Amino acid sequence: MTGPVHADLVLMLLADARLPVAGHTQSGGLEPGIRDGLGPQDVPAYVDVRLRTVTEVEAATAVLAGRLLRTGAPDAAWLDLEQAWEARTPSPALRDASRRQARALLRIARRTWPGAPAWTALEALEHPSRAAALGALAGHLGLEGRAVAHLVGYDDVQTVCAAALKLLPLDPGSVVGWVVAALPAVEAMATRVSSVAEVDDLPATTHPLIEVWAQAHAATTRRLFHA
Amino acid sequence: MPEPSTTHGPTPSPTAPARALRLGVCGPVGTGKSSLIALLCRELSERLELGVVTNDIYTDEDARFLRSAGVLDADRIRAVETGACPHTAIRDDITANAMAIEELEEDYEHRLEMVLVESGGDNLTATFSSGLVDVQIFVIDVAGGDKVPRKGGPGVTFSDLLVINKTDLAPMVGADLDVMRRDAAAVRGDRPFVLISLTEDPAASAVLDWVRAQLQVAQDA
């Protein structure tokens, strides 16, 4: 394949659920939330809360990873970024889920774009987070910060909503409505994080229930979704 | 956009560690996949380094069955969540299963000789990606009706071995084994199929012989 490719096409490729990165194993924490009492009526608010907390942190981290790649930052900068993400992701289960998703993503990315500088940069990290891996890949493919934030936000909304269809009695048409209704919140989140330039700019927001649910989920044997 | 790789798969390097034969077992719910895998483990684990990856509805239902059967060390049996997409996990997006196999192989320092992958119970259209397994068995049973081989589908038609299980139940469910034999032969051409009953032959000799032959082929290659 040769010739120019618009960033829109790259974004579509990375946001497509058909990309084999084990996306179907994730519920964005919805499965344990439902076990703890969330119902169909709560899903839009749950999506919104994520966009203002854990997903904002993930998006900001990915944006900064893309920037580190473009600027050829040293290993120390990647380590700082990963530690900042760890500090903002106190639940070990969430960190583990993120790292497993990173492995899945890097598996296909390394095969598709072998020898990319992004993989050399990520070698600074023993077990990169999904945010670092996705940001590095997106940076390698030329996506700007806002597009990276769109990708993380949109993917999170679709992950939760697609899982809702499997966990709750719902009409897929209603769920499309939830996704569309969440888009302004995705845009607002992208606006907040797209100009993140250094580790100290990263938001430090989380949600205790999301953390607690993630820990409980990792300990149960009655899971449809990994996280 | 940077150039993607044009190769179709990872190129095995001459120094690549030995890779276990990957055998997939899929088929509809309740046809006997877990029992067949337990049997293979029981019969083969003394002489072979085995691992198992399971994909049940809830994480580790099948894994627990196998662990409790005591036919293999619990650590050699890994469960993969499929997010209610058993079909996706063995065909369209094999990542989670492939990672589980690779982890098993690494944990056992590439000594494993065969990894069995058990699909979650699915419908007749389920089939394994050739990127995930080397050979696959499709299991149906007599209790599902003697029409199943005639219905076909990729598993019934193209699996490397079709197992028609629970033949002892045929008189009780009004299934005609001759019809099943005839229809299976018609849709499968030269591809093998066997009819078995674990109550009459708990070792499922016909399946075991086939699996041993696959191991021999892999070893010779």
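User: What is the mean pLDDT of chain B?

Analyst: pLDDT is the predictor's confidence in each residue, from 0 to 100. In chain B, 92% of residues reach 70 or more, and the mean is 90.

User: Which stretch of chain B has pLDDT below 50?

Analyst: Where pLDDT is low, predicted coordinates should not be read in detail. Beyond near neighbours in sequence, the stretch has 1 contact (C-beta atoms, placed from the backbone, within 7 Å) in the model. The stretch covers residues 8-12 of chain B.

User: What radius of gyration does chain B have?

Analyst: The radius is taken over C-alpha atoms, and the globule rule is 2.2 Å times the number of residues to the power 0.38. The C-alpha trace of chain B spans about 60 × 45 × 35 Å along its principal axes. For 221 residues a compact globule would come near 17 Å; chain B agrees, with 17 Å.

User: How many helices does chain A have?

Analyst: The elements of chain A run α-α-α-α-α-α-α-α-α-α-α from the N terminus on. There are 0 strands in chain A, and the helices number 11.

User: What radius of gyration goes with 227 residues in chain A?

Analyst: The C-alpha atoms of chain A fill a box of roughly 45 × 35 × 30 Å along the principal axes. The globule rule gives 17 Å for this length, so chain A is as compact as a globular protein of 227 residues, with a radius of gyration of 17 Å.

User: Why does Arg130(A) count as buried?

Analyst: Arg130(A) is found in helix α8 (residues 130-140) of chain A. A residue is buried with 20 or more other C-beta atoms, placed from the backbone, within 10 Å of its own, exposed with 12 or fewer, and partly exposed in between. Arg130(A) counts as buried because its C-beta neighbours inside 10 Å number 26.

User: Which residues does Arg130(A) contact, leaving aside neighbours within four places in sequence?

Analyst: The C-alpha atom of Arg130(A) is separated by 8.7 Å from that of Ala97(A), 33 residues apart along the chain. The contacts of Arg130(A) are Ser98(A), Gln101(A), Ala102(A) and Leu105(A).

User: At what angle do α3 and α4 of chain A cross?

Analyst: Axes are lines fitted to C-alpha atoms, for helices over the stretch in contact, and angles run from 0 to 180 degrees between N-to-C directions. The axes of α3 (residues 43-52) and α4 (residues 54-70) of chain A come within 3 Å and cross at roughly 40°.

User: Which residues make the contact of α3(A) with α4(A)?

Analyst: From α3(A) come Arg50(A), Leu51(A) and Arg52(A). From α4(A) come Val54(A), Thr55(A) and Glu56(A).

User: Which element gives the most to the side of chain A that touches chain B?

Analyst: In the model, 29 residues of chain A are in contact with 22 residues of chain B. Two elements of chain A give two or more residues, α6 (92-112) and α9 (145-167). With 5 residues, the element that gives the most is α6(A).

How values were computed. Residues are numbered from 1 along each chain as its sequence is written. Chains are lettered from A and ligands numbered from 1 in the order in which they are written. This is a predicted model: local features need pLDDT of at least 70, side-chain atom pairs count only at pLDDT 80 or more; totals for chains, interfaces and linings use all residues. Helices (H or I, at least four residues) and strands (E, at least two) are DSSP runs, numbered from the N terminus. Two residues are in contact if their C-beta atoms, placed from the backbone, lie within 7 Å.
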